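Me: I have a new structure open and would like to go through it. Can you take my questions as they come?

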Amino acid sequence: MNMEKSKEFIKYDQFLIGVKTLVKKRMGGGYYVDINHVTKNNSIELDGLIILKKDEKITPNIYLNSYYENYLSGESIEDIVDEIIKIYEDTMEEGEREALCIQYEFSEMKSCIVFRLVNYNKNTKLLNEIPHIHFLDLAITFHCLVKDNEDGIGTIRITNEHIEHWNITLEELTEIARINTPNLLPASIRSMNDVILDILNKEMETKDLENSSNDENEIENMLNQMKQDTAHDMYVLSNTKGINGASCLLYPEVVKELADELNTDFYLLPSSIHEIILVKDNGQIDKNALREMVLDVNDTQVADEEILSDSIYFYSREREAITLL
């Protein structure tokens with residue numbers, strides 16, 4: 001009979017202190033190490049470890065919540081600390097350093113200020129701390145785009161303290177973001193057909209076609225069927241990065257131009273903070289069915305932090321306006 005004693009795990013707060021202490025010891029006196037409690041989108045709360053080298057102002061948050069799950073699964077704190085330091089060192093390699101070390105002053109940040117769309121009710125606590133504009137059931141928030149390369153983008157949320165320090169108003173901040181955002185993150189509208197066709201084509205490219213002619217024929221048939229499918233009445237609105245692309249809903253003329261080109265009104269479905277689905281109004285749309293679809297997708301397909309809204313919206317060509325349904 002195995003009489004080995006079960007491992008006793010420390011509590012989460014003790015885990016945070018332990019990781020912080022070990023990282024500080026490993027990094028030495030030239031670094032400031034601390035735990036930073038962060039409220040993410042939709043009030044998701046995380047604990048991030050910051051490692052800040054002397055004379056540097058910006059550093060990534062390395063979130064520890066999932067590492068505690070790894071610890072409970074048997075990974076040692078020492079191995080977790082090794083991973084965290086490796087992430088920090090990789091992030092601070094020369095290719096990343098320029099973005100991370102931008103001076104956090106208005107003169108440096110003005111050209112990279114952008115806006116985003118988030119859910120209003122899911123972020124009430126956060127919105128008390130940041131400049132924002134209420135829009136439908138959403139909120140327009142503001143960020144500095146400090147990294148934009150082939151590895152992705154990195155942003156810093158603008159707070160009330162920042163605009164006070166910069167001595168600018170919400171109106172001035174909004175005007176700057178209105179100009180910058182479409183230029184830095186241009187809009188992209190693609191038909192749902194094209195999106196699905198791309199997915200299927202990529203699936204074909206990655207499949208091992210040896211002894212898989214049936215799979216190939218099946219995908220070919222699906223590609224042909226797509227040409228006649230109702231997906232041609234749907235479009236995906238995002239930005240060219242595919243990140244926080246729902247904000248393109250605010251770009252002047254983007255939805256209007258497509259609606260005028262196709263001579264149609266649109267139902268707007270918030271797929272996530274990253275994209276909006278536009279559905280042509282053919283006069284036979286069941287609005288309740290659309291709501292149920294959005295709810296189901298949010299419940300089963302979208303991460304909590306990436307949910308934009310459970311609502312649906314409508315764009316009217318006649319009024320040139322978006323309304324909440």
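Me: Which helices and strands each supply at least two residues of the lining of the largest pocket?
Reply: Strand 1 (31–39), strand 2 (45–53), helix 4 (94–100), strand 4 (113–119), helix 6 (124–127), strand 6 (138–149) and strand 7 (152–157) each do. Helices (H or I, at least four residues) and strands (E, at least two) are DSSP runs, numbered from the N terminus. This is a predicted model, where local features need pLDDT of at least 70, side-chain atom pairs count only at pLDDT 80 or more, and totals for chains, interfaces and linings use all residues. Residues are numbered from 1 along each chain as its sequence is written, and side-chain values use heavy atoms, leaving out hydrogens and water.

Me: Which element gives the largest share of that lining?
Reply: Strand 7, with 5 residues.

Me: New topic: where is Asn-180, and why does Asn-180 count as buried?
Reply: Asn-180 is in helix 8 (residues 170–184). Asn-180 counts as buried because its relative accessibility is 12%.

Me: What does Asn-180 touch?
Reply: Lys-110, Ser-111, Cys-112 and Ile-113, not counting residues up to four places away in sequence. Contact means heavy atoms within 4.5 Å.

How values were computed:
Buried means under 20% relative accessible area, exposed over 50%, partly exposed in between (1.4 Å probe, protein chains only).
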